Amino acid sequence: IEGALADGPLNGRHVLVTSGPTHEPIDPVRYIANRSSGAQGTALAAALRDLGARVTFVTGPASVPPPEGVAVVRVETAAQMLAAVTAALPADAAVFAAAVADWRVANAAGQKMKKDGTGQPPALSFAENPDILATIARMAEGRPGLVVGFAAETERVVEHATAKRARKGCDWIVANDVSPETGIMGGSENAVTLITDQGAESWPRMGKDAVARQLAARIAGQLTGQPV
Ligand code: CTP
Ligand code: CA
């Protein structure tokens, strides 16, 4: 296997990556989901591995396979993802690339929901999911030294993502425009803006693999104190 054995600037470092969508059950056979493919998180985990990190990859039901040479933890729901992330700590850095469902179905049924013959659809009620990124970023003890979030926005990307960084207490936010006309959600390219305490830095549109390699290099620079 490559990865933990690879010689690189992240040798001996543990990095946690979340990826993919989450699925929130409605009943045993139905769920709420989103269009995340898991491609960006998967590429990032592979890039961190290639720099020598030991990577724990906590993934929802993604449409791309997880990378080789990383420790894969498969989850379905946001609640399971939070538990898996907490169990994987401590980590030197944590990157939250998952598209976590914001809401779960509060009145999920234990059995398959049946049409009742009246033509009346069932009423679903929702509860807000825990914010995994904010939970970790605000840990009083054992917080990873570098906490990186993503921000999926469809308008006023930098403004919304800058506010999100402050609200969640993470160190960096990788903002991307996921409005349908960009074709980014589910596609192979990404156009991101990296938001740090130094401000906002827009990167040209490039393949998700290239975004991953650049971000991994920045993370390595931050952890080793030798910025690229
Ligand atoms: N995130 C998380 N747990 C959640 C929701 C989001 O860990 N329950 C993380 C995502 O993995 C991402 C970041 O928070 O790194 C921002 O996700 P995003 O959906 O853009 O932000 P939200 O805070 O959910 O705000 P909104 O969707 O309302 O814009
Ligand atoms: Ca959200």
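**Ligand shell and surrounding fold in a predicted model**

Ile132 is found in helix 3. The model is a predicted one. Ile132 counts as buried, because 25 C-beta neighbours lie inside 10 Å, where 20 or more are required. Leaving aside residues up to four places away in sequence, Ile132 touches Thr18, Ala78, Met81, Leu82, Val85, Phe96 and Val100.

Ile132 also belongs to the surroundings of ligand 1. The ligand is surrounded by 15 residues. Among these, the closest are Phe96, Val100, Ile132, Leu133 and Gly149. Two elements give two or more residues to this shell: helix 3 (132-137) and strand 9 (146-153). Strand 9 gives the most, with four residues. By residue type, the shell divides into nine nonpolar, three polar and three charged residues.

Phe150 lies in strand 9. Phe150 is buried, since 26 other C-beta atoms are found within 10 Å. Beyond residues up to four places away in sequence, Phe150 touches Phe96, Ala97, Val174 and Asn176.

An unreviewed entry lists them under "binding site", together with Asp102, Lys112, Pro130, Asp131, Leu133, Lys164 and Lys168. These positions span 67 residues in sequence, and their farthest two C-alpha atoms are 37.5 Å apart, so they do not all gather at one spot.

Val29 and Lys112 are 83 residues apart along the chain, but their C-alpha atoms are 6.5 Å apart in space. Val29 lies in the loop between strand 2 (24-27) and strand 3. Val29 counts as exposed, because it has 10 C-beta neighbours inside 10 Å, and the limit for this class is 12 or fewer.

The loop between strand 3 (30-32) and helix 1 (39-50) holds Asn34. Ser36 is also placed in the loop between strand 3 and helix 1. Asn34 is partly exposed, because its count of C-beta neighbours inside 10 Å is 17. Ser36 is buried, because its count is 25. Asn34 touches Pro21, Ala99 and Ala101. Ser36 touches Gly20, Pro21 and Ala99. Both sets leave out residues up to four places away in sequence. Distances to two further positions were also computed. Ser36 and Pro61 are 25 residues apart in sequence, with 9.4 Å between their C-alpha atoms. Asn34 and Val211 are 177 residues apart along the chain, and 22 Å separates their C-alpha atoms.

Two backbone features fall in other loops. A cis peptide bond joins Leu89 and Pro90, with omega at about 5°. Pro90 is placed in the loop between helix 2 (78-88) and strand 6 (93-96). Arg156 is a residue other than glycine with a positive phi, near 40°. Arg156 sits in the loop between strand 9 and helix 4 (157-168). Arg156 counts as exposed, because it has 11 C-beta neighbours inside 10 Å.

The overall fold was described next. The protein has five helices and 14 strands. Its radius of gyration is 18 Å, which agrees with the value near 17 Å that a compact globule of 228 residues would have. The C-alpha trace spans about 65 × 35 × 35 Å along its principal axes. Buried residues make up 40% of the 228 residues. Among contacts with a separation of 6 or more, 64% join residues 24 or more positions apart.

Confidence values accompany the model. Mean pLDDT for the protein is 94, and 98% of its residues reach 70 or more. For the complex, the predictor gives an ipTM of 0.99 and a pTM of 0.95.

Methods: Residues numbered from 1 in each chain as written. Chains lettered and ligands numbered in written order. Predicted model: local features only at pLDDT ≥ 70, side-chain atom pairs only at ≥ 80, totals over all residues. Near = placed C-beta within 6 Å. Nonpolar A, V, L, I, M, F, W, Y, C, P; charged D, E, K, R; others polar. Contact = placed C-beta atoms within 7 Å. UniProt positions renumbered as here; feature names shortened; annotations may be inferred. pLDDT = per-residue confidence, 0-100. Rg over C-alpha atoms; globule rule 2.2 N^0.38 Å.
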